[in-house]
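Biologist: I would be grateful for a close look at a single part of this model, namely the place where the two chains meet. Please describe that part in one connected account.

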Amino acid sequence: MAKGKILVVDDEIYIVHILDFSLGMEGYEVITALDGEQAIEQARKEKPDLIVLDIMMPKLDGYETCKVLKAEKETRDIPVILLSAKGRNVDQKVGFEVGADDYITKPFSPRKLVERINSILGQTNPQRMQA
Amino acid sequence: MRRRRKGPSDAEIKLRSDLRRAHHEIDKVRKEGESQVGHPLAERVQELERIKERLSKLYFTQLDENRRRAARLHEILRVLSEINADRELETLVDRIARTIQDVLGFRIVLVRLREPGGARLQAVAFAGLGPSAQATLGRQAVDVDDFLSWLRPDFKVSHSFFISHRHPFSALLPDGYVPELGKREPWEWHAEDVLLVPLVDGQGELLGYFSVDDPVDRMVPSLETVELLEVFATHAVVAIENARLNRQITRRTRELEEADERMNEMEELKTRFVSTVSHELRTPLTAIRAYTDTLLATGVDSLPPAKLQEFLQVVDEEAQRLTRLIESVLDLRRFDAGNRRARRVPVDLGEVVEEAAGVLQRTAEARGVELKVARELADTCLDADRDQLRQLVLHLGSNAVKFTPSGGQVTLRTGGRSDMVRLEVEDTGIGIPEHAIEKIFDRFYQVDSSLSRRHPGSGIGLAICKSIAEWHGGRIHARSLPGEGSCFSVQLPRSSAPRVVLRPDSGLSDSVRNVLRLGVEMVAEVLDAGAVSMMSVEEDGSLVIQAALGLDLQVVREARVPVGSGVAGWVAVNRRPVCTSRTEESKVPGSGRASYQTGTFLSVPLEASGELLGVLNVTEPKTERAFLVEDCHLLLELAETIAHAWSAGLATDARQAQVDTTQQALRTVLNHVRQSRRKAPGRVALARAVALELGLDPNDASTVAFAATLHDVGMTMIDPDLVEDGRPLTPDRKQQIERHVELGDRVLEHLATMGAEGVELLETMQGVREIVMSHHEWWDGTGYPCGLAGTTIPVGARVLAAVDAFESLVAGRPHRRPESAETALEVLFGLRDRQFDPDVVDALQRAVARGAWTHAPAADDIVAGTGR
């Protein structure tokens, strides 16, 4: 049984792929989206437990997507981890301003990401984890 | 308040003592008692009354005089403070001249200033002089040494110098300007009197001087007046120096601002560069790190072999991507660091394209894209760096293939004209959005970063292509319709233009040197000559070379023609042109060159307003026939233009703007002539021949010929591709082309306004202008821009219209095959009465029959580019 459902959003196929693998190995169910619009759709439909969101994407970027997700009642409470090559302090600040719960810079270690996810989900949704 | 005045005059002293004595007498009389009343006393009293009256009149006169002086000083002070506030040199010196006129009472004022760092004094401001006097004085500069020699101690008044007409030295002064003053009494100011007030700066250096004349009070100046002038002069010096400094400061500030802007731009680019590159680098690194991390975490043994293989594959590919990226960055750096090792040798572009196609073929096939090579011209040779060309073609080609979906087509096309080659890479791919098309040649610009994932690239490639094109002196641009395809077009000149050599340490200003350089280039183009030299006259009358094409630096530096010797010397002395075709006479005096390919030689004087500036020599015609008298006429016309620009360049700063405009006009003309010359050298000869056939006199025929070299001047201001690329004319472009005729007119207007003294030049230019203005008019009145008809169209324009059409038919155009002369004539015949003047068409036919067109290379040669 899955530890939880994670929505991975990134326009880079390789990243989606490796995260699918790592999170899968860890016991999570992974759904994917390749851009911001798809992400919002998926979030509304599948109601994941956590969203891993890349910032640099065409059409709707990560910041905007996050804003939208945090504004809607249905998706507001889903924790969002921003994932980005933009690592400056100001970028992180913007990330937190749009309501993200965490910010990880690329290149990153999938292991670390998994640990972070574990800890966030451990905190917010202990019941879900057992369900 | 008692102020010490200059001191009472003798008369005043006497009167005062008289008065004192009178008072004494009155006292004495009073003391001696009234008994002394009688005749002598009454007389005495009357006398005293008279004395008193005289004294008070004197007193009031003096008071008046003082009041007037005070008012004048007040006025001067006021103007001085205004002057001190004036930072602009031109208005400043004008104001100074006018003030001297208004306030100090001299009707005629001339202000001369020394050129900064120079040894001559130029007239910069006038008051009370008419335009012809101004022109005369403006033209004659005064040598500083000469001026100083006039300042003899005999003439000195305070710190200024008054040279009386009576002094024998007065006759030795140069002629300057002598006003009409009418009859003068011996003690009054005469017309030939001169008062010079030198302007000396803080270091004791001469800055210039005032020369004043025709005082209102007609008097020889008093010490007081001179001193007032000098006070003025002192302030003027300060103000002038300030203004000059100000100008320098403004210029430097502007230069600094521009440099600052550029630096900011660079900074921005650098920042963007760094940020983009670091972002670009992180992306493959992310993948590499993520995959290797996962591999390690999971343990190699626990992974199914297929998965292991897949992961390692990704790591490998991303590592390669990283490598490519780094290499492109290095490439760009290498390119920037200077292409010093790149050399230009003759390279056939067509061949390079064939090679590149071979390389690209495999990739294209793999992607299902059809690759075609099209060659529009047999000869696509140019001077270039082979490696760079190959890089350029490969990059454009691979881009095209990359961005074209399967089933599409990529065409590599080569073509060109006699002076340039063109490469076009056309695809039926995804195209480039309109907002991006201008930026794609910027470094690191990528239309859409997501594209780069699917199509590995770094955004640097096109920037390198642009650098390559520009290094060769050419350009690159792109057209695209998103969804339908793109076309990248590169134009490269076939060869770099030969450089004009200028005389080092010539002492001429930059603007004059520019004029000479442009002049040499223009003459070489128009007359198709391999060697042109512009010589100037030295003080001793000998000639030295200032600018030359086809001669090397040493010759330019060392050649000196003594007065009157050799052909150039003869031309300088006799002020007449020489045209020769015999070998023995064709040595360029002093150049060390003994003979030429054809032995023909043209030499004409360069004169402006009667003054000889130098001599212009032309030899080594590239068409391998001797120069004719007609060439000499053409050269004379060019010489006038150049001489006027030269003389304008020698005048003061105030004419700088004029010279700049002239230079711009010359440049435009030159660029145009270059192009037009390559297109149809025969056109000029034919135009002349037709004009002569019509019975025009040789001068008018030369004007027409000259206009033939210029007649599409307006076209140079419009993108040449607009007309050349063979697409049908949209109404928009038609309108733009119709405007070109008026643009041409404006450029010629510039040519006509410089050197306004040359009335003949103006008339010639007017004639040319009319021809240019009207050469698209039709005989039946349906032409443009004015819709003139019949003989209201100037005859030169009618000739050009026909010659133009004929040449265009015979030479062919990108969208039209060349025709034979017979066919072309038939076409013209068909259009007589509609487009062309029937007499002109007949004259054209006769001229062609007489062989006027055989000078031109055969039509095929023009298309193939082997002719010129």
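Modeller: The contact is made by 24 residues of chain B together with 18 residues of chain A. In this predicted model, the area buried between chain B and chain A is about 1900 Å², and carbon and sulfur atoms give 63% of that area.

As for charged pairing, one salt bridge is found across the interface of chain B and chain A. The partners are A:Arg111 and B:Asp293, whose closest N and O atoms lie 3.0 Å apart. Polar contacts between chain B and chain A come to seven residue pairs, with both residues of a pair at pLDDT 80 or more.

On the side of chain B that touches chain A, three elements of chain B each give two or more residues: helix 6 (223-298), helix 7 (305-336) and helix 10 (449-454). Helix 6 of chain B supplies the largest share of that side, with 13 residues. By residue class, the side of chain B that touches chain A consists of ten charged, eight nonpolar and six polar residues.

A word on cysteines may complete the account. A disulfide is a covalent bond between the sulfur atoms of two cysteines. With a cut-off of 2.5 Å between cysteine sulfur atoms, the count over all chains is zero disulfides. Two cysteines of chain B can be described by their accessibility: B:Cys465 counts as buried because its relative accessibility is 2%, whereas B:Cys381 is partly exposed, with a relative accessible area of 36%.

How values were computed: Residues numbered from 1 in each chain as written. Chains lettered and ligands numbered in written order. Predicted model: local features only at pLDDT ≥ 70, side-chain atom pairs only at ≥ 80, totals over all residues. Heavy atoms only, no water. Buried < 20%, exposed > 50% of the residue type's maximum accessible area, 1.4 Å probe, protein only. Contact = heavy atoms within 4.5 Å. Buried area = accessible area lost by both parts, 1.4 Å probe. Salt bridge = Lys/Arg side-chain N within 4 Å of Asp/Glu carboxyl O. Polar contact = N/O pair within 3.5 Å; in protein donor to acceptor, adjacent residues only side chain to side chain. Helix = DSSP H or I, 4+ residues; strand = E, 2+ residues; numbered from the N terminus. Nonpolar A, V, L, I, M, F, W, Y, C, P; charged D, E, K, R; others polar.
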